[in-house]
There are 2 protein chains.
Amino acid sequence: MKNDIAEILKRNQLSVTESRAKILELFHESRSALAHADIENKTDESYDRVTIYRTLQTFVEKGIIHTIPTADNSVLYALCKDECTQGKHNDNHVHFICDICGTTYCLDHITVPEINLPKGFTPHCTDVVASGICKNCK
Amino acid sequence: MKNDIAEILKRNQLSVTESRAKILELFHESRSALAHADIENKTDESYDRVTIYRTLQTFVEKGIIHTIPTADNSVLYALCKDECTQGKHNDNHVHFICDICGTTYCLDHITVPEINLPKGFTPHCTDVVASGICKNCK
DNA sequence: AAAATATTTGCAACAAAGTTGCATACTGTT
DNA sequence: AACAGTATGCAACTTTGTTGCAAATATTTT
């Protein structure tokens with residue numbers, strides 16, 4: 001597992017550092033999306049805030065993780081599907097935010113239906129954010 | 001028009017003040033969603049930041065405007081459809097963010113298709129955020 | 001129409017979130 | 001093992017959002 005993580009970093013031309021490996025591992029362990037604060041907590045604040053910001057930014061640029069739109073201000077991150085590469089995100093998928101526990105799920109396997117946009121609008125990426133009650137809270 | 005604005009405020013049990021009327025007018029004039037900063041600019045900074053924050057919050061609570069989820073941190077607001085009332089938003093509609101000019105459109109008349117969620121997930125509200133090229137930038 | 005009451009505004013101070021420059025520490029390479 | 005290149009942590013700063021309170025404005029009552 002440790003090796004897998006290092007592999008992913010190398011494949012993306014990133015040097016393998018403790019913080020990057022640890023943060024990437026967190027995403028692989030977690031079934032739900034993570035916020036900056038979650039990462040600070042789950043790493044016992046061993047890394048500087050700035051390092052976490054920069055790591056997340058790097059991962060997004062490399063197509064390893066993506067941001068999830070949320071109605072409240074907060075920024076969430078989740079692993080990308082394999083097809084994402086640097087500069088090209090293919091994250092047309094469905095996100096589900098639980099109103100009760102707040103957990104955000106990235107439902108990769110659910111496909112986003114075709115949306116009929118008005119004339120003149122050309123979509124490039126479509127995100128669906130559903131909220132309600134998740135399987136653990138019902 | 002001025003009267004219309006005052007009417008809307010009164011209908012929502014809000015006292016009619018200059019800042020509220022002006023901000024609500026801005027939303028009615030604008031075909032696209034507005035951020036806090038847009039409002040500061042369009043009002044020539046005549047109102048305190050705090051007043052704008054509180055006004056937006058009040059409008060959201062009353063069901064006059066709603067927030068739009070965006071992948072980058074920013075918070076956007078747009079007018080609600082008539083069916084929204086205090087505490088109950090019916091904003092299951094499609095938002096479109098232009099990658100070029102950044103304008104965010106609220107496509108009220110486009111309906112959100114049914115999404116097949118996994119077993120155990122009960123949706124309560126579904127937002128679609130499409131991004132791409134808008135009619136003015138193509 | 002003026003006084004009384006209730007609400008809103010703006011200021012100041014604060015808290016949280018995110019960014020930048022730079023010296024130090026670490027990683028990968030020769 | 002030494003070197004070059006990159007990442008990290010610190011400090012300082014900016015931006016964004018919040019709270020308490022006195023002054024100002026809106027609404028209600030007389």
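Student: What makes the approach of A:Ser19 to a phosphate oxygen of DNA strand D a polar contact?

Tutor: A polar side-chain atom of A:Ser19 lies 2.2 Å from that phosphate oxygen, and a polar contact is a pair of N or O atoms within 3.5 Å (within protein, one must be able to donate a hydrogen and the other to accept it, and residues adjacent in sequence count only if both atoms are side-chain atoms). The pair therefore qualifies. This is a predicted model, in which local features need pLDDT of at least 70 and side-chain atom pairs count only at pLDDT 80 or more, while totals for chains, interfaces and linings use all residues; side-chain values use heavy atoms, without hydrogens and water. Residues are numbered from 1 along each chain as its sequence is written, with chains lettered from A and ligands numbered from 1 in the order in which they are written.

Student: Which part of A:Asp48 contacts a phosphate oxygen of DNA strand D, and which part of A:Arg54 approaches a base oxygen?

Tutor: For A:Asp48, a polar backbone atom is 3.3 Å from the phosphate oxygen. For A:Arg54, a side-chain N or O atom is 2.5 Å from the base oxygen. Helix H2 (18-29) and H4 of chain A, together with H4 of chain B, each give two or more residues to this surface; H4(B) gives the most, with 4 residues.

Student: What makes a residue one of the 18 around DNA strand D?

Tutor: One of its heavy atoms must lie within 4 Å of the strand. Among the 18, A:Ser19, A:Arg20, A:Thr51, A:Arg54 and B:Val16 come nearest. Of the DNA strand D atoms within 4 Å of the protein, 62% belong to sugar or phosphate.

Student: Which residues are closest to DNA strand C, and what contacts does B:Arg54 make there?

Tutor: DNA strand C is surrounded by 17 residues, the closest being B:Thr17, B:Ser19, B:Arg20, B:Thr51 and B:Arg54. A polar side-chain atom of B:Arg54 lies 2.5 Å from a base oxygen, whereas B:Thr17 places one 2.8 Å from a phosphate oxygen. H4(A) gives the most to the surface near DNA strand C, with 4 residues.

Student: Why are S5 of chain A and S5 of chain B called edge strands?

Tutor: The 6 strands form an open sheet in the order S5(A)-S4(A)-S6(A)-S6(B)-S4(B)-S5(B), with mixed pairing. S5 (104-111) of each chain pairs on one side only, where pairing requires at least two bridges found by DSSP.
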